[in-house]
Amino acid sequence: MTHHCHAHNCTRSVPPKMFMCRTHWFMVPKDMQSAIWRTYRPGQEIDKRPSDDYLRAASAAVKKVAAKEGVTIVETGYDVALKTRERARQGAEQ
Ligand SMILES: [Zn+2]
């Protein structure tokens, strides 16, 4: 199974536990890096159930790196996943 760097348009292969390739990871501010590590749960890349906090941290990092490369990302795949969860929760309450 191949796993790619999560930076926008980056196709470099990285180990599943690594969020981005070295080049992109070092473009992520320290506080955002620690937010990702703090919210990361081992095995989430296998069961595909990262926490909401992780999705928010990952989204912020992807947007930050893209901005440094001159690309504006309005909505990441993480934002979409968060919205889908939010809708599912609201639906469950009704
Ligand atoms: Zn990369």
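User: Where does K48 lie?
Analyst: K48 sits in the loop between α3 (44–47) and α4. Helices here are DSSP runs (H or I, at least four residues; strands are E, at least two), numbered from the N terminus.

User: What should I know about the model and the numbering?
Analyst: This is a predicted model, where local features need pLDDT of at least 70, side-chain atom pairs count only at pLDDT 80 or more, and totals for chains, interfaces and linings use all residues. Residues are numbered from 1 along each chain as its sequence is written, and side-chain values use heavy atoms, with hydrogens and water left out.

User: Back to K48. Buried or exposed?
Analyst: K48 is exposed, because its relative accessible area is 59%. The cut-offs are under 20% for buried, over 50% for exposed, and partly exposed in between (1.4 Å probe, protein chains only).

User: What is the phi of K48?
Analyst: Near 60°, a positive value in a residue other than glycine. Most residues other than glycine have a negative phi. N9 also has a positive phi, near 65°.

User: Where is N9, and is N9 buried or exposed?
Analyst: N9 is in the segment before α1. N9 counts as exposed because its relative accessibility is 70%.

User: Switching to the metal. Which residues coordinate the zinc ion?
Analyst: C5 (SG), C10 (SG), C21 (SG) and H24 (ND1), at 2.0 to 2.3 Å. Donors are N, O and S atoms within 2.8 Å of the metal (3.2 Å for Na, K and Ca); water is not among the atoms, so sites may look incomplete.

User: What geometry does the zinc ion site have?
Analyst: Tetrahedral, with angles of 100 to 119° among the four donor atoms. Four donors get that label if all angles lie between 85 and 135 degrees.

User: How are the donor residues spaced in sequence?
Analyst: C-x4-C-x10-C-x2-H. C10 and H24 are both buried.

User: New topic. At what angle do α4 and α5 pack?
Analyst: About 150°, for α4 (residues 52–68) and α5 (residues 77–93), with axes 8 Å apart. That makes α4 roughly antiparallel to α5. Axes are lines fitted to C-alpha atoms over the stretch in contact, and angles run from 0 to 180 degrees between N-to-C directions. Under 35 degrees is roughly parallel, over 145 roughly antiparallel, 65 to 115 roughly perpendicular, the rest oblique.

User: Which residues make the contact?
Analyst: From α4, D52, L55, R56, A58, S59, V62 and K63; from α5, Y78, D79, A81, L82, R85 and R89. Contact means heavy atoms within 4.5 Å.

Terms used: Four donors count as tetrahedral if all angles lie between 85 and 135 degrees; four count as square planar and six as octahedral if opposite donors are over 155 degrees apart and all others between 65 and 115; anything else is irregular.
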